[in-house]
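Have the sequence and the 3D view at hand as you read.

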Amino acid sequence: MDLSQTLGQKLLLAFEGKQSPSKEIIQALKSYHPAGITLFRSLNIENPPQVRSLTEALQRQAKEIGLPPLLIATDQEGGQLMAVGEGTTHLPGNMALGACGSVDLARRAGEVLGRELAAMGINVDYAPCADVNVNPNNPVVGIRSFGEDPEKVAQLTAAMVAGIQSQGVAATAKHFPGHGDVANDSHYGLPTLPHSLERLQKVELPPFRAAISAGTKLIMTAHISLPALDGPDAPPATLSRNILQNLLRRQLGFEGVIVTDAMDMRAIRQGEFLGQEAIRAAQAGADLLLLTADTKDQERVATALTQALKSGELDLVETRNSINRILELKRWLSIHATMPELSVVGCAEHAQVAQEIAENSITLVRDRQRILPIQLSTNQRIALLVPEIKDLTPADTSSYLKLSLADALREYHPYVDEFVFPFNPQEKDIAALLQQVEKHALIIIGTLNAYSQHGQQALVHEVMKRRVPTIVVAMRLPYDLAAFPEVSTYLCTYSIVEPSMQALAKAMFGFAEFRGRLPVTIPGLQ
C-alpha cells in the first residue's frame, strides 16, 4: 500500500460494544485502516473472559480485512484508574508504591498489570503515570503519581515499565512533559505549567528520561501549555513541535511511539476544529492520535490527515517515518507478545503482590494521643464514617468499587457501625452524623481528598470538638491533614481497594507494623 493507504495507522479508534465489534467499528476498520483500538471501561468492558473474547474478535476482523494486527490499548494503572476492574488484581496504585519506596514491588506490580492484560488480549497499557505530583491542588494526577521526589519517581517509573514490558505488553509513560504541577484538569480546559526548561530538567523530566532508558515503547503527551518553551500563546504540548520534536526526540533521545492523550479532552478544540487540531498534532510529531467512539470525530480526523498529506501540510518523509515507528512497535509485539491462560487474571500469586504493596504502604503520620493500636473491650462500639465513593475526574474508576473498610475492621472487632455520608456533606448531614455517634467509644473517619472538600473538612472539625478518641484516615491524597491540623491520629492508605483496607485494619489493631513513608509533603505539617 502507498503512504495514503497506510495513513490510518496513525489512528487509535474506539467504539461502543462489549460482546462483539460494532458495525460502526467494523466499517471504520475497513474505511480508515487504523493502527488499533482503545478499550474504555464504560464502553467495552465487563470482565476478563468477555474482554478476551472481544479482543480476539477484533483481531479476527482486522485479519479478514487484511490489516496488520491491531494495537489494543487501555488504561490499566492500578489504584484509581483500572479500565478492567472486575476479576482483575486490585493493585493499590502508584502513590501507594511511592509510600513503599520499593523498586522491586514497582517492577512486580508492572508484571501483574502486563500479564493480566496479555491474558485478555490487550497489548498496550497506558501506564505508568510518570508525573511528579508537587501540587496538592492537582485535580487529575494526585495518587496516580508515585510522589513528589523526581529521582524516586524516576526509579519506580523505570521499574514499572520494565515489569509491564517483560510480559510482552507495551508500556506508555505519561503525560509528557509532566502533568504533576497544574491546578486544572485538562479534561475540561488547558492547564498551564509556568516553569522554565531548567526547572523541567530538575523536576518533570527525570522520570521520562528513566522510562526512555528502560525502553518504554510509547510516551503519551499532556494537553498542557508551557509558555516558557512556546511563548505567551503556548499550545498544548500535544500540538507543540518544540516539545515533541526538540525536547522529547532530540534532547531526550526518544525513538519510540508518541501517542496523544485523548483528543476529545477540552484542552483541544473540538467539533469542526478537531481535524485541524489533529493535523497540528501530527505536524508536532505525534505518531498516534487517540480518538474516542464519536464516528463524526473519526471521520473529521481521517479526512483532515488525508487532505493534509495530499496538500503537503504533512511532510511526506516525517509521515513515513512516523508510520514506520508504529509498524516497528507492532513488530516488537509480534515477537514478544504472549497469551497466558485467563486463569492468571486475579490469581493468588498476583493477589499476594497487591497485599504486599498494601501492607508496606500504610502510613502512620501521627498518633499524639497513643490511640494505636486500637484496644477496646468487646462490648465497646466503633463508629466508621466514610464518604460516598465517586469519580473525581474522568480518569477515575473509583465509583465501580465498594468500600470494604467496615468488613475489614470487623475481622478484629465485632461492633463496627458504618455511616456513609455525602461526598461533600452539608450542615444538616453533619448534625445527623454527630447524633448517631454520640455513644461510640472510638470514631474512625475516612476522607477522600478532603483537602479540597469543605464539607468533609467541616465534618472532621465538628467531630474533633466532641473529644471522643478519633482516627482520621486519608484514603486517597495524603494532603488532607493540612485542612484539619488539630487531628491527633492520622493515617494514609493512598487507595480504597480491598487489599489497602485489609492492611489498614490489620495495622490499626496491632497485627502489622506501619511501614509506609509519605511520598509527598503535607503543607504546614510539622
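A salt bridge here is a side-chain nitrogen of Lys or Arg within 4 Å of a carboxyl oxygen of Asp or Glu. The model is a predicted one, so local features need pLDDT of at least 70 and side-chain atom pairs count only at pLDDT 80 or more, while totals for chains, interfaces and linings use all residues. Residues are numbered from 1 along each chain as its sequence is written, and side-chain values use heavy atoms, with hydrogens and water left out.

By that rule there are 26 salt bridges. Some of them join up: Asp 104, Arg 107, Arg 108, Glu 111 and Glu 356 are linked in a network.

With Glu 272, the N to O distance is 3.0 Å. Glu 272 sits in the loop between β9 (257-259) and α12 (274-284) and Arg 300 in helix α13 (residues 295-311), so this pair ties together parts that are 28 residues apart in sequence. (Helices, H or I with at least four residues, and strands, E with at least two, are DSSP runs numbered from the N terminus.) Arg 300 also bridges to Asp 297, with the closest N and O atoms 2.7 Å apart. Both of these lie in α13, three residues apart, or about one turn of the helix.

Glu 272 is exposed at 65%, Arg 300 is partly exposed at 23%, and Asp 297 is buried at 10%. Another pair, Glu 277 and Arg 269, has its closest N and O atoms 3.3 Å apart; Glu 277 is buried at 2%, whereas Arg 269 is partly exposed at 32%.

On to the cavities. A cavity is a set of points, on a 1 Å grid over the protein atoms alone, where a 1.4 Å probe fits but cannot get out; lining residues have an atom within 4 Å of a point. The whole structure has three cavities of 30 Å³ or more. The largest has a volume of about 90 Å³, and of its 14 lining residues, the closest to its centre are Gln 80, Ile 143, Ser 398, Arg 476 and Ile 496.

The second largest cavity has a volume of about 60 Å³. Its lining includes Gln 80 and Ile 143, and α5 gives the most to it, with three residues.

Terms used: Buried < 20%, exposed > 50% of the residue type's maximum accessible area, 1.4 Å probe, protein only. 1 Å grid on protein atoms, 1.4 Å probe; cavity = no way out; pocket = protein on both sides within 12 Å on 5 of 7 lines; lining within 4 Å. Points joined across faces, edges and corners; volume = space filled by probe spheres on them.
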